[in-house]
Amino acid sequence: MPHANFQQPTRTSAMTGVQLVSYSQSTAFITPSPMAPLPRSSATPAGPPRALWPPLDFTLGALACCGACVVTNPLEVVKTRLQLQGELRARGSYQRHYRGVLQALWVVGRSDGLRGLQKGLAAGLLYQGLMNGLRLGFYSYTEASGLTTALGGSLVAGAIAGALGAFVASPAYLVKTHLQAQSVAAIAVGHQHNHQGVSSAFAAIYRRDGIVGLWRGVNGAVPRVMVGSAAQLATFSSAKEWVAHGQWFSPNSWLIALTASMVSGVAVAITMTPFDVISTRLYNQPVDELKRGRFYSGFLDCLLKVWHVEGVLGLYKGMGPVFIRLAPHTVLSMFLWDVMRQKALQHQVV
């Protein structure tokens, strides 16, 4: 199919955020040139996209995902509560305080107040900044190096980028989970750590368990983010191209990015939710005097216990808010990241 009507933006042509989102992910990472591009053909493959200065790329990825985090944090609170509800209890043998996304949002807002819906936000922002700054920055570097063009390259790069970000940001996710699980006794689920705030939580965990204790649960977080990152980064751009080629919407419509994010969200929710449940359980469990988890000894032990006691559906607790959160989080983070990278690329000295 000829591409003569599609041109990259030049330094002197301004584009709206909606137009930027409509570009494929590979096009979004190419540094604009002052010369109009020649029409592409199958015999003239595009070269690898240019990379931004790594600290700037890290900052842009962090800012984009922090912006999305502010909007979607209430769903993260609800997801955490649903995943801890009925921990290691057979279905029907415990009181269900939370019965769905909307009802859970209402219960949390009524019992914990509106501030309760933003519990753990500061720790969440720290986690998003560290994890996604590294994840997106590393992924765009692998794209610029041409590593993602190989068969399965985008999946491998996304998984490695996710593992790196998850490991570095694990202490922030630990504190976020503790704070989001905390609630008034009437609707409390899971172990209650009773931290007073983010700084006191870090201090209490360090005093009790040492520096290693801050990375408790990382063995669940790394596979969780590896799976989610690989699925998200590999499916979002592919789904966007598929929707655009299907001509369901006008070429510059924001509905293309929204639809692609929902397709990506389904893939991520299905593949990542079991890992998300295990990660939440490992992070939130209490520890004994020997600094060992009281409920689970590790990732595999948690997986088997949840499967045996709660059944396969226990591994998909909280899937509703996981999916509802992923769609806006994906489109907001990818949209903001795309826009900011385009602006930075326009001003980058070639």
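Colleague: How many helices and how many strands does the chain have?

Modeller: The chain has 11 helices and 0 strands, where helices (H or I, at least four residues) and strands (E, at least two) are DSSP runs, numbered from the N terminus. This is a predicted model, in which local features need pLDDT of at least 70 and side-chain atom pairs count only at pLDDT 80 or more, while totals for chains, interfaces and linings use all residues. Residues are numbered from 1 along each chain as its sequence is written, and side-chain values use heavy atoms, with hydrogens and water left out.

Colleague: What percentage of the residues in the chain is buried?

Modeller: Buried means under 20% relative accessible area, exposed means over 50%, and partly exposed covers what lies in between (1.4 Å probe, protein chains only). On that scale, buried residues make up 51% of the 350 residues in the chain.

Colleague: Among contacts between residues at least 6 apart in sequence, what percentage joins residues at least 24 apart?

Modeller: Contact means heavy atoms within 4.5 Å, and of the contacts between residues at least 6 apart in sequence, 77% join residues at least 24 apart. Ser140, which lies in helix 5, is in contact with Asp57, Trp337 and Arg341 once its neighbours within four places in sequence are left aside. Ser140 counts as buried because its relative accessibility is 2%.

Colleague: How many salt bridges does the structure hold?

Modeller: Side chains of opposite charge can pair when their charged atoms come close. The criterion for a salt bridge is a side-chain nitrogen of Lys or Arg within 4 Å of a carboxyl oxygen of Asp or Glu, and the structure holds 12 salt bridges. In one of them, the side chains of Arg224 and Asp276 meet at 2.5 Å, N to O. Because Arg224 lies in helix 8 (residues 218-246) and Asp276 in helix 9, this pair ties together parts that are 52 residues apart in sequence. Both Arg224 and Asp276 are buried.

Colleague: Which residue forms a salt bridge with Asp288?

Modeller: The partner of Asp288 is Arg292, with the closest N and O atoms 3.5 Å apart. Asp288 is buried, at 15% relative accessibility, whereas Arg292 is partly exposed, at 49%. Glu310 and Lys317 also meet in a salt bridge, at 2.9 Å from N to O, and both of these residues are buried. Through shared partners, salt bridges also join Glu76, Lys79, Lys176, Arg224, Asp276 and Arg325 into one network.

Colleague: Where is Arg91 found?

Modeller: Arg91 is found in the loop between helix 3 (54-84) and helix 4 (101-112), and counts as exposed at 67% relative accessibility. Arg91 and Glu310 are 219 residues apart in sequence, yet their C-alpha atoms are 6.3 Å apart in space.

Colleague: How far away is the nearest side chain of opposite charge to Arg135?

Modeller: For charge, Lys and Arg count as positive and Asp and Glu as negative, while His and the chain ends are not counted. Arg135, in helix 5 (residues 121-144), is buried yet has no salt bridge, and the nearest side chain of opposite charge, Glu143, is 12 Å away. The side chain of Arg135 does make a polar contact with the side chain of Ser229, at 3.2 Å; a polar contact is a pair of N or O atoms within 3.5 Å, where, within protein, one must be able to donate a hydrogen and the other to accept it, and residues adjacent in sequence count only if both atoms are side-chain atoms. Apart from neighbours within four places in sequence, Arg135 is in contact with Ala161, Gly162, Ser229, Gln232 and Leu233.

Colleague: How many aromatic pairs does the structure hold?

Modeller: Rings of Phe, Tyr and Trp (its six-membered ring) pair if their centres lie within 6.5 Å, and planes under 30 degrees apart count as stacked, over 60 as edge-to-face and the rest as tilted. The structure holds 6 aromatic pairs. One of these, Phe275 with Phe299, is stacked, at 5.9 Å centre to centre and 25° between the planes. This pair links distant parts of the chain, with Phe275 in helix 9 (residues 254-284) and Phe299 in helix 10 (residues 299-310), 24 residues apart. Phe295 and Tyr296 have ring centres 6.1 Å apart and planes at 80°, so their pair is edge-to-face. Phe295 is partly exposed at 30% relative accessibility, whereas Tyr296 is buried, with a relative accessible area of 2%.
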